[in-house]
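Let's take a friendly walk through a protein model together. Keep the sequence and the 3D view at hand as you read.

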Amino acid sequence: MADVLKWIQELVGHTPGIVVVGSAVVGLLGFTSYLWSRPKPLSFGLDYDNQSFILQGGVRASRWTGQTGKLIEYLYDDAKTVYECFLRGRRITGDGKCLGTRSGPNREYEWMSYNQVFDKIQAFGSGLSQLGLNPGQKSILGIFAKNIPEWTIADMSCQMFSRISVALYETLGMDAVTYAINLCEISTIVCDTVQRAAALLNKATSIPSLKVIVLVEDITKELQDVAEAAGVTLVRFSDVEEMGKKDLQNPVTFQDLTPDDCHLSYLPLAHVYERANLVALLCHGSHVGYFSGDIKLLIDDLQALKPTYFPTVPRLLNKIRDKVISSAESSKVKSFFLNWALRSKLAEVNRGIIRRNSIWDKLIFGKVQELLGGRVKIVITGSAPLSQDVNNFIRCAFGCQVIEGYGQSECTTVITLQSPGDPVPGHVGGPIACNYVKLIDVAEMEYYAKDGIGEGEYIAPEKLETIYSHSKYVAQCFVDGNSLRSYCVAVVVPDPDVAQVWANNNNCPADIKQLCNNKNLKDTILKDMLDVGRKAELKGFEQVLDICLEPDSFSVESGLLTPTFKNRRPQLRKHFADKVAAIYAKFAE
């Protein structure tokens, strides 16, 4: 059988002229393989067309709560707090693998055990006490770092000693980070790099509460000088651990994943989504490896770690699907067999059959599955809708369940979630068993319960609009982020005076309406906006892909601005729907 499979693979890759023969052989092998394996649909005892029921007042409850609608408060009697979740994982895994990193490409992951991590958590938490951050709900630790073991150790030390951790997310900009620090009056902040510590110190005059920075990297003399001038104490993360070891304190506590499961932590730990993932994994004794820190090496990290559990966002799944499809399109033979394989597996997936041992997995999808390490059993996706095409592709190609959810940071991540085994894509499931759901109207923003749950966005459009307004060409700007697109676009009102100067220099009519139809002016404005964005250190995915020009200003009278002259997003989106749709249509393929 193995020799035949190898022959078929060579046939598909190198011999376009005998597709018919290959097709017949593959079909016969597929039928034989199906008879041998006899796959069975997943079944979890739930009617997927009836996943919630109505309580009094229009509130909906999950069927998983039973007929009473009584909410679930915890999964396990011995794991009622985040700290107890870690202790449970430590116990059931028998001191197995916990947190892992690797030093570069082509290197293996190196692991700390649950006991080693526990010791570090206790030592670091004890050391924080010696820095003046005593246990208790009034003690707040800021964490300003990428995904590394020290992030989780610092966070878990807060759980162990009843402190509060506050995640600081630099993508929102240093002004937002400064605002969060001042709002929470944070005195001690963990930083991973000299660069992030320097960014905080540059804002020190605007952060009166900042007293201590705990740095994972070595402290440079230049950074030390800046810190002393700002009156901020610098201390290494490892030194805090050593301080704690000399005076270990007892934890302050308040009286189906498995240890074999593994997760690559790359989504920002500053988001509650990733923190909830880690709590769930550690509670079950699973182990967590951290990505290398460079998103360009993510696939390499996945292939080295071989995770079984893969929380992600649609943007990444879209890229994976596009990469595979575009690769196959280079050959008519490859494209033919890929489409045949997808149709065949989709027929199984629609019946609830999820597997990685079909003939198509051996011939076609094996290499695709290796992109994520080859062991992924479940993909969890949130933050924005996942298109049905991509959902179906991931389920077929990777032979795993794909579960979509909807939630908010304010609600501790998840509110609704697809039930395991649900074969129908394109929805976010019913309420989870620990909360109710009720939709109400927000008429002033034109959000109505009858329209269902709103969609999220990848970017913070208000932030982009503020940055792009620094372009000399931009008088007003509306950035639109479509949840099913991997990019954003904008409607721009040009500054009439600057547009006039450009028109004179380029021998163009000065009429603003005519200028807004001038492609050269549009390209000039877009280039300048992108330059402004780069100087403001916008990430690539935050930058607009294209714009259209609008001659008429947004105004309070037109209903496009609030009385305080802020953009009214729902009204702008409706007003410019045709223009925005036209931009998206240009890049649909």
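Helices here are DSSP runs of H or I with at least four residues, strands are E runs of at least two, and both are numbered from the N terminus. Before going on, note that this is a predicted model, where local features need pLDDT of at least 70, side-chain atom pairs count only at pLDDT 80 or more, and totals for chains, interfaces and linings use all residues. Residues are numbered from 1 along each chain as its sequence is written, and side-chain values use heavy atoms, with hydrogens and water left out.

Is lysine 522 buried or exposed? With a relative accessibility of 14%, lysine 522 counts as buried, because buried means under 20% relative accessible area, while exposed means over 50% and partly exposed lies in between (1.4 Å probe, protein chains only). Leucine 521 is also placed in helix H19, and its relative accessibility of 0% makes it buried.

Each of these two residues can be paired with a residue elsewhere in the sequence, as the table shows.

| Pair | Separation along the chain | C-alpha distance |
|---|---|---|
| Lysine 522 and cysteine 548 | 26 residues | 7.1 Å |
| Leucine 521 and tyrosine 473 | 48 residues | 9.6 Å |

**Two loop residues with positive phi**

Asparagine 507 is not a glycine, yet its phi is positive, at about 55 degrees. You can find asparagine 507 in the loop between helix H17 (496-505) and helix H18 (512-515), and it is exposed, with a relative accessible area of 73%. Glutamate 537 is another non-glycine residue with a positive phi, near 65 degrees. Look for glutamate 537 in the loop between helix H19 (519-535) and strand E19 (544-549); its relative accessibility is 64%, so it counts as exposed.

**Cysteines**

How many disulfides does the structure hold? The number is zero, where a disulfide would be a pair of cysteine sulfur atoms within 2.5 Å. Cysteine 477, for instance, has the sulfur of cysteine 488 as its nearest cysteine sulfur, 9.3 Å away. Cysteine 477 is buried, at 6% relative accessible area, whereas cysteine 184 is partly exposed, at 27%.

**The nonpolar core**

In soluble globular proteins, nonpolar side chains tend to be buried together. A nonpolar core is a set of buried Ala, Val, Leu, Ile, Met, Phe, Trp, Tyr and Cys residues joined through side-chain atoms within 4.5 Å. In this model the largest such core has 89 residues, and Phe86, Phe124, Phe310, Phe365 and Ile394 have the most contacts inside it. Helix H13 (residues 332-349) gives the most to this core, with seven residues. At least three residues of the core come from each of domain 1 (82-245) and domain 2 (262-451), with bounds taken from an automatic or database domain assignment.

**The largest cavity**

A cavity is a set of points on a 1 Å grid over the protein atoms alone where a 1.4 Å probe fits but cannot get out, and its lining residues have an atom within 4 Å of a point. The largest cavity is lined by 13 residues, with Ile354, Arg395, Gln401, Gly421 and Asp422 nearest its centre. Strand E14 (residues 401-408) gives the most to this lining, with three residues.

Notes:
On a 1 Å grid over the protein atoms alone, a cavity is a set of points where a 1.4 Å probe fits but cannot get out, and a pocket is an open set with protein on both sides within 12 Å along at least five of seven lines; lining residues have an atom within 4 Å of a point.
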